[in-house]
Amino acid sequence: MGYSEISKNIFFVGAVDPKRKLFDELIPLTDGTTYNSYLVKGSRFSALLDTVDPTMIDVLMNNLESLNVKKIDFIVSHHAEQDHSGVIYDIAKKFPEAAIIANKKGKDMLMNLLRIPEKRFRVIEDGEVLSLGDKTLQFIITPWVHWPETMSTYLKENRILFSCDFFGSHFSFDRLMATENDIEKVMSAAKRYYGEIMLPFASNIRTNMKKLQDYKIDMIAPSHGPVHDDPSFIINAYREWSSDKPGNTVVLPYVSMHGSTKKMVDYFKNSLENRGVRVFDFNLTDGDTGELAAALINAATIIIGTPTVLTGPHPLAVYAAYLVKALRPRVRFISIIGSYGWSGKKTLELLADILSPLKAELIEPVVIKGLPTNGDLESLDDLADKIKEAHSRIL
Ligand code: FEO
């Protein structure tokens with residue numbers, strides 16, 4: 001894509017990576033991603049806000065060269081994770097007069113992760129202002145979105161918030177500014193990104209959102225995905241996604257070896273939907289864990305569907321339960337359904353143990369022997385009744 005000017009003398013100089021399929025060796029990317037680095041040229045000084053993933057160093061360097069950048073005075077690091085910071089030291093070596101701007105935690109992490117010498121840093125405090133001449137940067141510490149050191153920069157004259165991962169999306173584009181027609185796609189990618197990256201930090205997000213209320217923001221320029229030139233969409237979405245109130249929704253990741261658990265899942269899904277409960281079911285053998293993460297944002301209940309394999313849950317069900325636990329959604333109820341050949345006791349114990357940190361109420365599971373009988377299907381109807389009743393208590 002090359003560089004592009006997002007506002008007068010403010011340039012995107014980052015990289016588009018449409019072919020990347022996996023992030024953190026964990027998160028499937030359906031639309032690739034971008035590493036957004038921005039150059040802000042003031043009348044006296046220039047600042048580079050974040051860099052790019054190390055695999056894309058040539059793109060950043062070429063963009064700076066194409067813009068004929070001879071001097072960078074400040075390199076602002078919003079976040080020490082290497083997809084944004086990985087090239088900071090290379091840039092600092094190329095521009096030896098540049099000071100690396102970070103908060104205290106960020107500086108310590110960058111020194112540790114990238115072995116950058118301390119003398120290159122200028123440590124800023126929350127709210128500190130840096131004048132570039134006709135442009136003024138204000139640093140806002142926005143911790144835990146999604147690391148402890150994360151911060152944002154507000155460009156006062158242009159009312160632009162550079163938010164790094166906060167409000168971002170893994171979505172690659174042939175242009176940086178989304179049009180009105182792109183809103184649905186961009187918001188879907190942003191929701192998935194929220195589920196994968198931000199979901200465990202909902203309370204921190206609420207705190208940071210309150211902090212940002214004091215700023216008039218005309219544009220949000222994150223470090224992944226498109227720039228939001230109408231920030232109200234993403235701000236309102238973050239309000240909804242980070243709220244404490246779940247929806248009337250069940251998320252049902254499942255795996256089935258010989259069809260018995262699948263039969264239970266299909267019947268149970270239908271039973272819940274007949275009671276007005278929305279169900280997102282995911283076949284874990286071909287499911288997309290990004291979709292699962294996005295569905296968890298609004299779920300009140302999670303049900304794991306699994307057969308018993310060698311006296312325990314299927315490994316894919318263990319993976320799903322562990323992922324759910326790690327993402328810390330606001331689910332209030334959990335349960336388990338599935339079929340076993342000779343004993344299912346350990347399946348229940350192990351999954352319930354993995355999910356216990358969620359502190360959700362365990363609704364009596366339905367784990368049956370072999371192919372479900374009519375009596376077993378009635379037990380699933382009973383479970384659906386209990387879930388409907390449980391949701392009515394909290395919604
Ligand atoms: Fe995009 Fe947390 O790095």
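Tutor: Helices (H or I, at least four residues) and strands (E, at least two) are DSSP runs, numbered from the N terminus. The model is predicted, and local features need pLDDT of at least 70, side-chain atom pairs count only at pLDDT 80 or more, while totals for chains, interfaces and linings use all residues. Residues are numbered from 1 along each chain as its sequence is written, and side-chain values use heavy atoms, with hydrogens and water left out.

Start with α4, the helix of residues 104-114. Asn 112 belongs to this helix. The relative accessible area of Asn 112 is 47%, so this residue is partly exposed (buried means under 20%, exposed over 50%, partly exposed in between, with a 1.4 Å probe and protein chains only). From the C-alpha atom of Asn 112 to that of Ala 80, 32 residues away along the chain, the separation is 9.7 Å. The buried residues of α4 are Gly 106, Lys 107, Leu 110 and Leu 114. They lie on the same side of α4 because their arc around the axis is only 100°, the arc being that of the directions from the helix axis to the C-beta atoms. Contact here and below means heavy atoms within 4.5 Å.

Next come the helix pairs. Axes are lines fitted to C-alpha atoms, for helices over the stretch in contact, and angles run from 0 to 180 degrees between N-to-C directions. Angles under 35 degrees count as roughly parallel, over 145 as roughly antiparallel, 65 to 115 as roughly perpendicular and the rest as oblique.

Helix α5 (residues 183-198) meets helix α9 (residues 289-296), with axes that come within 7 Å and cross at roughly 85°. The pair is therefore roughly perpendicular. On the α5 side the contact is made by Lys 191, Arg 192, Gly 195 and Glu 196, and on the α9 side by Gly 290, Glu 291, Ala 293 and Ala 294. By class this contact has two nonpolar, two polar and four charged residues. For these classes, Ala, Val, Leu, Ile, Met, Phe, Trp, Tyr, Cys and Pro count as nonpolar, Asp, Glu, Lys and Arg as charged, and the others, Gly among them, as polar.

α5 also packs with helix α7 (residues 232-241), at an angle of about 40° and with the axes 11 Å apart. That angle makes α5 oblique to α7. The crossing is right-handed; a crossing is right-handed if the near helix is turned clockwise from the far one by less than a right angle, and left-handed if anticlockwise. From α5 come Ile 183, Met 187, Ala 190, Lys 191, Tyr 194 and Met 198, facing Phe 233, Ile 234, Ala 237, Tyr 238 and Trp 241 of α7. This contact divides into 10 nonpolar, no polar and one charged residues.

For helices α10 (residues 315-327) and α11 (residues 345-355), the axes come within 8 Å and cross at roughly 20°. This pair is therefore roughly parallel, and its crossing is right-handed. Ala 317, Val 318, Ala 321, Tyr 322, Val 324 and Lys 325 of α10 touch Leu 350, Leu 351, Ile 354 and Leu 355 of α11. The residues here are nine nonpolar, no polar and one charged.

Now some single residues. Ser 260 lies in helix α8 (residues 260-274) and, at 14% relative accessibility, counts as buried. Beyond its neighbours within four places in sequence, Ser 260 is in contact with Ser 339, Gly 370, Leu 371 and Pro 372. Tyr 35 is in strand β6 (residues 33-35) and is buried at 0% relative accessibility. Not counting residues up to four places away in sequence, the contacts of Tyr 35 include Phe 12, Arg 20, Asp 83 and His 224. Met 151, in strand β14 (residues 151-155), is buried with a relative accessible area of 1%.

The loop between β13 and β14 holds Trp 144, whose phi is near 65°, a positive value in a residue other than glycine. Trp 144 is partly exposed, at 36%. His 146 is in the loop between β13 (136-141) and β14, and the peptide bond from Val 145 to His 146 is cis, with omega near 20°.
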